[in-house]
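Below is a short report on one protein model. Please look at the sequence and the structure before reading on.

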Amino acid sequence: MHSRPRAATLVAGVGILVVKVTASLPQVGPDVATVAITWLVVGSFVAVGLALLGTDLPPVNGWSCLVVAAATIPGDLNDTHYPAAARLIGFALEPCYLAATVALVLRYPSARLSAVGHVTVWGILVSSVLLRMPLGLTVGSLPSPFHRPQDLGTLALRPWWHDWVFLRAPYTVTILFLCVAGVVLVLRVVVPRGITRQSLAPLAGVGTICAVAAAVDHAVWVAGVPGPAWDAVAVVRNLSAAVIPVALLADLLRRRAAEAAVTTDVLLAASSGNLDALQSSLRHVLVDPSLTITAVPQPSHVDGVPPFPDVPASDAEDRESTTLTGADGSALATITYDRRANSDEALLRASLSAAQVGIDNTRLTAALLERMAELEASRTRIVEAGLAERRRVERDLHDGAQQHFLSVAATLAQADFADDQELRSLVKQARVGLGGALAELRDLARGIHPASLSQGGLSTALPALCERSPQGVHLRIDAALEGRRLDADVETAVYFVVAEGLVNATRYAEASAVAVDVALSTGRLVVEVADDGRGGAGFAPGRGLTGLRDRVQALGGDFDAHSDPCATHPSSRGTRLTATLPVGRTAP
């Protein structure tokens, strides 16, 4: 996110322009064109400086542009319209713009100058400014640069002080530092790669030309041969300095275009789920053809993308990897790139963030669609299971209780033709038949919905269920559930999970012991049924575990069965059923 320039920076920029125009107004008459161009250049530095202060770049870059604009003001004081003291100060401080410009070019876009940059800037500042005032107060055989004030008094020193100590020596030192600045700028373009080179090339190129032209211009004065033949060097120096704001503006436009590409290219490519397209988009935006992206964990290939970058071994130390993680903390992909090609930290972070958001959204969307498909399949299975359960109930009623009732009805029908002794026998037989029918109905009702669950909840129904199991059952119910009721659907699901676990342990697993654990944890109910049997339980179509999973998932929970019949270690044997259900509310 970009910050807006504060009012203080706007006031500073406007103030620099006002002071610059006011200080150079006396020069308008004799040289209108030159003064107008100077105003334009200073205005460009101010405008670009304010623009830089409104970006994510370190603020020192914007302030450096304002300092360069302000450093041109002292030179305007070296005019006959100003007092002698002001002209001497203007003559002495005129080279400050050179040090300020070198500092701007060597720093951008970082927050600090390098060690070489610090030495270079301070060397130029000291060598070009420190001895400027005695240069203006002495005379010698060599002419003084930048229009030495002619009506100033002079120090009673020999001419060699002017020529060698105050002119040739400091100017030679300045030339050396300007050459160092030029070499640093060239290396800033040659050494980096990718978008780093694209970002630095315009400013470094213009800065190198300006530094070389300024060095040649200083060499002319050291040699003592100034004249019209060398005016072109000064023109090149001034024009290259004037182009510096344009180079900065070009980099700002490049940054805006790259930021737009992050949204239009990287985010769309990441959202498509195609890692090949995402890799191509990141390579284009970051100008790093060696960048690679691989899924985590790394397969042999993902969408045709090789899992490891094919780069020379000598470049391996310049590689850097970043692992993108999802909202849940899971690893999504690993991006490997060239550090020398990605010095634009803001753009790199934005690109990686866009890739991360896109991949995570794609993953979450795929998971949601898969979940929806599972819920749709579960719903279908639940409907089919309901129909099958209705048919089973109908069949059990027909084959069980209904036959008992028909038998009782037939027995009672015989009463019309029986005497008293036979009638007593028929009534007794009918009573027995009714008892059997009632028992059949109770068993059938218990399979549909246990009465103990409706009356007392899990704390009552589960102990009764475990007591009917032939194995030894260790039951632990969370104290928070004692005497409390949950949603009826949740209680029913928990009851049948435990019932299915006990049935499996008895009929199939041949278990000798079963452990049942029911616990509340952060708004979710966790049910676990574990036995020490032979294992082998699974989610086969039509099996009880499949129906239980559908029931639990329909309530927004998760159900898992772990059973390894081939396990050799005793601790790994048996079956473990785990159900996790959301608890919407509890009621006393």
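## The sheet

Five strands form an open sheet in the order β4-β5-β6-β8-β7, and their pairing is mixed. The strands at the edges are β4 (472-477) and β7 (558-563); each has a single partner strand, so one side of each is left without a neighbour in the sheet. From one strand to the next, the twist averages 10°. The model is predicted.

## One strand pair

Strands of a sheet pair through backbone hydrogen bonds, and the pairing is either parallel or antiparallel. Strand β6 (residues 524-531) and strand β8 (residues 575-582) run antiparallel and are joined by seven bridges. Opposite Leu577 in β8 stands Val529.

## Helices across the sheet

Helix α16 (residues 458-467) lies across β4, β5 (513-521) and β6, and runs at about 170° to β4.

Helix α17 (residues 488-507) lies across β4, β5, β6, β7 and β8. The direction of helix α17 is at about 10° to β6.

## Cysteines

How many disulfides does a search of the whole structure find? The search finds zero.

Are Cys179 and Cys210 buried, partly exposed or exposed? Cys210 has 7% relative accessibility; buried means under 20%, so Cys210 counts as buried. Cys179 has 42% relative accessibility and therefore counts as partly exposed, a class that lies between under 20% and over 50%.

Terms used:
Residues are numbered from 1 along each chain as its sequence is written. This is a predicted model: local features need pLDDT of at least 70, side-chain atom pairs count only at pLDDT 80 or more; totals for chains, interfaces and linings use all residues. Side-chain values use heavy atoms; hydrogens and water are left out. A disulfide is a pair of cysteine sulfur atoms within 2.5 Å. Buried means under 20% relative accessible area, exposed over 50%, partly exposed in between (1.4 Å probe, protein chains only). Two strands pair if DSSP finds at least two bridges between them. Helices (H or I, at least four residues) and strands (E, at least two) are DSSP runs, numbered from the N terminus. Axes are lines fitted to C-alpha atoms, for helices over the stretch in contact, and angles run from 0 to 180 degrees between N-to-C directions. Contact means heavy atoms within 4.5 Å.
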